[in-house]
Amino acid sequence: MEHPPYRLAEEFDRFLGDPDDPGEVFSYARCAELDEKEEFPADICDRFQEWGLSDEYVPVEYGGRLHDYEQVLQLIRTVARRDLTCAIGHGKTYLGGVCVWVAGSAEQGARLGADIMAGVPVSLGLTERAHGSDLLANDVHTCDKADKADHWLVSGEKWLINNATRGSVLSLLTRTHPDGGPRGFSVLLVDKRELDEGTYRHLPKIPTLGIRGADISGIAFDGARVPRSALVGTEGAGLEIVLKALQLTRTMCAALSLGAGDHGLRLGLDFAEERELYGRRLIDIPQARHVLAGAAADVLLHEAVALVAARAVQTQTAELSVTSAVVKYLLPTGTDQLLADLTGLLGARAFLKGVHANGRFQKVERDHRIVGLFDGNTLVNLNSLVNQFRPLVRGFKRGTGDTAGAGAACDLATPLPPLDPSKLSLVARHGSGVVAGLAASVEEITRRAARNPALDPVAEAARRLLAVTTEVHAEMEAYQGVLAEVPAAAFEVARRYTLCWAGAACVGLWTQSTDRLGDDPGTGALWHDGLWLRAALDRLLVRLGEPAGNGRETGEELLGALRDARSSGRLFSLLPQRVPERRPAMPGAPSGETERTSC
């Protein structure tokens, strides 16, 4: 099956060249050099601009090419697979523009879109040194002056802002009513090029453990004159606009975790293929095979969840408050654990520079740690789910939620409708259509298993998932209406809910799309007899406290598919995609012999 987002990502990857070639602008060697110097990857971002990546951040109605959020997911994943610093540093511009895409005027959208497509960096001024995630406590404010009819005078400091110094345009959350409160904040689109000198200053770059080259700094305002036309949406709607915009960005953060998982898994596999221990290669040792198979299962699980979530941006927009919270919790934490598991496989070489793969593993591991923190950390996202327990429980009992939208998200052949930002909601009022559709998907797999006994293990795992999902919703009832002083037990129930949602998304994706993908010569083996779904459900059920299934046999099949993808120059993925990297020398090949993928 030719799936356009993967084809475009393959084209982009090919344009960027072989990352193993130090002569390429976007090479592993260049990224390591910039990391060592803690230098922003400006030349690499210029390469993105040459291809037109910035155009993909701008909706088509404002002159760009953004019409498919799954497409954005795959493009950022492509960058993140090579280097997270570059993905975060460049992708921040998308984050900076989203408030305008959600609530801005046509004039603001057209102007900002033209800037972004011209390569102007944009940032989001959200957090402050003293307040972190507590946006209602923010201090950056507008002052009452005689010229307020024409301008706001903005004062205060934003801190830990990506691209605060490099960015020319800033979407700024500011207090426009002295008493603050939910309706006391507004978003201003501040163009630093138009501010008077001396009314703002950049704060020093903050040294960080990972993404060392990123511009993580801050900005301070002192009576900066910002025109009234800079207001995004209506005055007092700033907090709502930001929270809705974050639903989009949190979902797209999945691309960062996907790329990091792709990179880490490949490094782990190559190490196991090359390393000899106790007289045999590491890949032939059962425990090493078990670790690699588990990591491979997690990579496909995360990809399936991200695919459904990215498509749900457009097919289930009103439920994105749930989707984004699930994804922003589950994928960063899951990828951190995946990398931790692979660290045990690599041993000391996981921490060393200039040894295995020039130290790329230690870089991706520390770079990825920050993904779980920005755009709302893990606790913020779990708390968002706790706040929605009441409609989620009610929707599950009634079987409501946007099941049609969920079906469209899971069927990769269904064209996506245009995004309608007006449908974004702070609460999924009718529940989750993805979870509501689980029972029907389980029935479908059971019917298929009656005709194909090879699917029996998948059908059994799906039925177990449905039973646990029912139990989790019963647990959620005890915490309905909890808004303040949320007990630790409620966070644990929310964590379990994310696993149930992920399982429902995986089951839905397989049932809706397998008939079109099962015969693909590249990835069909993963879909045939439900291999990837079997592996994903086993991982989820264990994390839900259920007994493991027949994981060893499944793991061996999955490991075989992983090794085949690597040796044939394909991305290990649910859908076919070739990569421009050198293929490793296969066992028995002459020393030093390598192959390149054909693109």
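Predicted model: local features only at pLDDT ≥ 70, side-chain atom pairs only at ≥ 80, totals over all residues.
Me: What about Cys 500, and how far is its sulfur from the closest cysteine sulfur?
Reply: That sulfur is in Cys 506, at 12 Å. Against a limit of 2.5 Å, this is too far for a bond. The structure as a whole holds zero disulfides.

Me: Are Cys 31 and Cys 500 buried or exposed?
Reply: Buried means under 20% relative accessible area. Cys 31 has 6%, so it is buried. Cys 500 has 0% and so counts as buried.

Me: Why is the pair of Phe 12 and Phe 48 called edge-to-face?
Reply: Two values decide it. The ring centres are 6.1 Å apart, and pairing requires centres within 6.5 Å. The planes meet at 65 degrees, and edge-to-face starts over 60. The pair is therefore edge-to-face.

Me: What makes this a link between distant parts of the chain?
Reply: Phe 12 lies in helix α1 (residues 4–16) and Phe 48 in helix α3 (residues 42–51). They are 36 residues apart. Both Phe 12 and Phe 48 are buried. Ring pairs also join Phe 12, Phe 26, Phe 48 and Trp 51 into a cluster.

Me: How do you know what kind of pair Trp 527 and Trp 532 form?
Reply: Their ring centres lie 5.4 Å apart, with planes at 75 degrees. The limits are 6.5 Å for a pair and over 60 degrees for edge-to-face. Trp 527 and Trp 532 are both buried. The whole structure has seven aromatic pairs.

Me: Which residues does Trp 532 contact, leaving aside neighbours within four places in sequence?
Reply: Among them are Leu 300, Ala 304, Cys 506, Trp 510 and Leu 574.

Me: Which members of the largest nonpolar core touch the most other members?
Reply: Phe 48, Tyr 497, Trp 501, Trp 532 and Phe 572 do, out of 173 residues. Helix α9 (residues 286–315) gives the most to this core, with 18 residues. A second, separate core has 14 residues, including Val 140 and Ala 224.

Me: What makes Arg 360 a charge over the ring of Tyr 28?
Reply: The charged end of Arg 360 sits 3.6 Å from the ring centre of Tyr 28. The distance limit is 6 Å. Arg 228 has its charged end over the ring of Trp 152, 4.1 Å from the centre.

Me: Why does Gly 555 count as buried?
Reply: Gly 555 has a relative accessibility of 12%. The cut-off is under 20%, so Gly 555 counts as buried. Its place is in helix α21. Other buried residues of α21 include Thr 554, Leu 558 and Ala 561.

How values were computed
Residues numbered from 1 in each chain as written. Heavy atoms only, no water. Core = buried A, V, L, I, M, F, W, Y, C linked by side-chain atoms within 4.5 Å. Buried < 20%, exposed > 50% of the residue type's maximum accessible area, 1.4 Å probe, protein only. Helix = DSSP H or I, 4+ residues; strand = E, 2+ residues; numbered from the N terminus. Contact = heavy atoms within 4.5 Å. Phe/Tyr/Trp six-rings, centres within 6.5 Å; stacked < 30°, edge-to-face > 60°. Lys NZ or Arg CZ within 6 Å of the ring centre and 35° of its normal.
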